[in-house]
Amino acid sequence: MGHNHSHDHTHGANKKILMISFFIIISYMIVEVVGGLLTNSLALLSDAGHMLSDAVSLGIGLLAFTLGERVANYSKTYGYKRIEILAAVFNGITLIIIALYIFYEAMKRFTNPPEVASNGMLIIAVIGLVVNIFVAWLLMRRADTKENLNLRAAYLHVIGDMLGSIGAIIAALLIMIFNWGWADPLASVIVAILVLVSGFRISKDALHVLMEGTPKNMEMNDILAAISDVKGIISIHDLHVWSITSGKHALSCHVVVDGNMMVEDSQALLRKLEGTLHHVGIDHVTIQIEDQNHPHHNVVMCQMAT
């Protein structure tokens with residue numbers, strides 16, 4: 001019960017921080033788009049484009065949290081929690097697309113660098129850096145960016161923005177001091193590489209969840225050891241561990257016990273297994289208890305004799 005209360009509190013805090021971050025980002029995005037057009041800076045425009053993706057990312061994240069609050073039903077027996085993971089996939093792919101577009105625009109500007117209003121570019125980039133640092137701090141300190149994949153995607157968007165602002169500041173200074181027009185597209189390319197890496201990583205992690213892979217912070221051998229250490233278990237088979245959504249993991253398995261075990265003993269064993277798995281971070285547990293005479297057909301994974 002305490003765990004569910006903690007989960008609900010974290011969920012509410014995450015949603016609130018996403019909402020605050022969304023309004024901050026979308027407000028400054030408008031400023032940066034206008035500034036990028038007025039100064040003719042690709043570094044600013046690419047950062048503004050990334051900020052637009054941030055706004056979309058945070059907005060979809062909010063939608064995912066809201067829809068994820070819907071209770072489970074006969075149509076969606078796990079509820080709508082997976083929407084958070086779908087939002088993370090969308091965000092990751094968006095980052096990759098934005099990075100590729102920045103590469104394309106930068107290549108054109110390397111061959112024909114346009115005039116850039118470096119003073120205005122510098123002012124807007126500095127303000128953008130301050131905004132991004134504040135939002136990144138807000139997400140890092142007040143939200144669950146470590147465990148929640150959807151929030152981590154939004155956080156990486158903001159970090160990419162922060163790097164974009166730094167790149168724009170450096171480019172503006174180089175143009176002002178040395179008149180190096182190519183510094184603007186170069187800064188964009190560096191940011192695009194970082195954005196591309198972030199997009200690839202978040203997409204990979206989200207797809208791992210959708211493929212029902214073993215949670216990243218868990219080792220199957222550790223889980224097997226934790227179960228097999230419980231007295232009375234002879235063997236384990238059909239073991240599956242997956243994530244329903246970020247921070248919410250599930251497990252199903254068959255455990256073979258002595259055929260002479262009483263019903264009361266099997267219930268005590270089941271409660272002990274649930275407690276053991278709770279300590280390794282798994283709260284949604286489905287365990288089938290069998291005796292040695294039970295036919296074990298279609299063993300999918302992890303048959304282990306103790």
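Student: Why is Arg109 called buried?

Tutor: Arg109 has a relative accessible area of 12%. Buried means under 20% relative accessible area, exposed over 50% and partly exposed in between, with a 1.4 Å probe and protein chains only, so Arg109 counts as buried. The model is predicted: local features need pLDDT of at least 70, side-chain atom pairs count only at pLDDT 80 or more, and totals for chains, interfaces and linings use all residues. Residues are numbered from 1 along each chain as its sequence is written, and side-chain values use heavy atoms, with hydrogens and water left out.

Student: What makes Arg109 and Asp184 a salt bridge?

Tutor: The closest N and O atoms of Arg109 and Asp184 are 3.3 Å apart. A salt bridge is a side-chain nitrogen of Lys or Arg within 4 Å of a carboxyl oxygen of Asp or Glu, so the pair qualifies. Arg109 is in helix α3 and Asp184 in helix α6, 75 residues apart; helices here are DSSP runs of H or I with at least four residues, numbered from the N terminus. Asp184 is buried too, at 1% relative accessible area.

Student: How do you know that Arg82 and Glu212 form a salt bridge?

Tutor: Their N to O distance is 3.9 Å, so it falls within the limit of 4 Å. Arg82 lies in the loop between α2 and α3, and Glu212 in the loop between α6 and α7, so the pair ties together parts that are 130 residues apart in sequence. Arg82 is partly exposed at 24%, and Glu212 is partly exposed at 45%.

Student: Why are Lys108 and Glu105 separated by about one helical turn?

Tutor: Because they are three residues apart in helix α3. Glu105 is buried at 15%, whereas Lys108 is partly exposed at 41%.

Student: How many aromatic pairs does the whole structure hold, and what makes Phe178 and Trp180 a stacked one?

Tutor: The search finds four. Phe178 and Trp180 are 4.6 Å centre to centre, with 20° between the planes. Rings of Phe, Tyr and Trp (its six-membered ring) pair if their centres lie within 6.5 Å, and planes under 30 degrees apart count as stacked, over 60 as edge-to-face and the rest as tilted, so this pair is stacked.

Student: Why is the pair of Trp180 and Trp182 called stacked?

Tutor: The ring centres of Trp180 and Trp182 are 5.1 Å apart and their planes at 20°, so the pair is stacked. Ring pairs link Phe178, Trp180 and Trp182 into a cluster.

Student: Is Phe178 buried or partly exposed?

Tutor: Phe178 has 46% relative accessibility, so it counts as partly exposed. Trp180 is partly exposed at 34%, and Trp182 is partly exposed at 38%.

Definitions and conventions:
Helix = DSSP H or I, 4+ residues; strand = E, 2+ residues; numbered from the N terminus.
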